[in-house]
Amino acid sequence: MPLSPPDRSHPTFAPEGDRRGARLRAHDRGWCIRANRWGARGAVRRYFSVVSRLGDGVFWYALMATLVAFDGRDGLAASLHLALTGVAALALYRRLKRWTRRPRPFAADGRIRAWVAPLDEFSFPSGHTLHAVAFTVVALAYYPWLAAVLIPFTASVAVSRVVLGLHYPSDVLAATAIGSLLAGASLWAGTML
């Protein structure tokens, strides 16, 4: 017996791609809600709030200054590379945020609480994560021994964005990919100069 075509006028009808997208968005929101509940614990909230604040730039500026202070000209070269990558990351993520205009999780779902104030209105992609990943990849190209500090810090920055209710996991994953690609392009461009 042949199947009849779906009733497109029915209120629950959604094309297959829309249903798959709706399921992905529901999973994304569910993970965000679960992670955000961790923030209700005072020690967790304090840790991720501090990490988030350091990820605003303080940690990276301190790293650049430390590299210059302890490694002279080589540290200055690495710091300039980090700074140029940071400028490119800032321009890219601002343009993406204006283009996508995705509401932040706490603005879209009353079950999600913003544990710290956001720096801007939109969610996609996570600028903190994009910068942290790009800076870490570039810094490790110069100083691989910094991995023991930079990788855990970058992972904490990424997790903080979801726990604090500021980003969906997909915002963080996309920012990780974008930051990795940007850092790779930056390192490739550096070899061409």
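Tutor: From the N terminus on, the elements run α-α-α-α-α-α, and the protein accordingly has six helices and zero strands. This is a predicted model, and what follows should be read with that in mind.

Two packed helices are described by the angle between their axes and the distance between the axes. For helix 4 (residues 127-142) and helix 6 (residues 169-192), the axes come within 7 Å and cross at roughly 35 degrees, and the crossing is right-handed. On the side of helix 4, the contact is made by Thr129, Leu130, Val133, Ala134, Val137, Val138 and Ala141. Helix 6 brings to this contact Val172, Ala175, Thr176, Ile178, Gly179, Ser180, Leu182, Ala183, Ser186 and Leu187. Sorted by class, the residues of this contact are twelve nonpolar and five polar, with no charged residue among them.

Charged residues do pair up elsewhere in the model, where the count of salt bridges comes to seven. One of these joins Lys97 and Asp120, with the closest N and O atoms 3.1 Å apart. This pair links distant parts of the chain, since Lys97 lies in helix 2 whereas Asp120 lies in the loop between helix 3 (105-108) and helix 4, 23 residues apart.

In the salt bridge of Asp109 with Arg111, the closest N and O atoms are 2.7 Å apart. Its two ends fall into separate accessibility classes, for Asp109 is buried, with a relative accessible area of 8%, and Arg111 is exposed, with a relative accessible area of 57%. Beyond such pairs, Asp28, Arg102 and Asp171 are linked in a network of salt bridges.

The C-alpha atoms of Ser49 and Ser160 are separated by 7.3 Å, although the two residues are 111 apart along the chain. If residues up to four places away in sequence are not counted, Ser49 touches Val116 and Leu164.

These details can be set against the totals for the whole protein. Among contacts between residues at least 6 apart in sequence, 77% join residues that are at least 24 apart. Of the 193 residues in the protein, 41% are buried. The accessible surface comes to about 11400 Å², and 66% of that surface belongs to carbon and sulfur atoms.

To return to the part you asked about, helix 4 and helix 6 meet in a right-handed crossing, at roughly 35 degrees and with axes that come within 7 Å, through a contact that has no charged residues.

Methods: Residues are numbered from 1 along each chain as its sequence is written. This is a predicted model: local features need pLDDT of at least 70, side-chain atom pairs count only at pLDDT 80 or more; totals for chains, interfaces and linings use all residues. Side-chain values use heavy atoms; hydrogens and water are left out. Axes are lines fitted to C-alpha atoms, for helices over the stretch in contact, and angles run from 0 to 180 degrees between N-to-C directions. Helices (H or I, at least four residues) and strands (E, at least two) are DSSP runs, numbered from the N terminus. A crossing is left-handed if the near helix is turned anticlockwise from the far one by less than a right angle, and right-handed if clockwise. Contact means heavy atoms within 4.5 Å. Ala, Val, Leu, Ile, Met, Phe, Trp, Tyr, Cys and Pro count as nonpolar, Asp, Glu, Lys and Arg as charged, and the others, Gly among them, as polar. Buried means under 20% relative accessible area, exposed over 50%, partly exposed in between (1.4 Å probe, protein chains only). Accessible areas come from the Shrake-Rupley method with a 1.4 Å probe; for residues, only the protein chains shown count as cover. A salt bridge is a side-chain nitrogen of Lys or Arg within 4 Å of a carboxyl oxygen of Asp or Glu.
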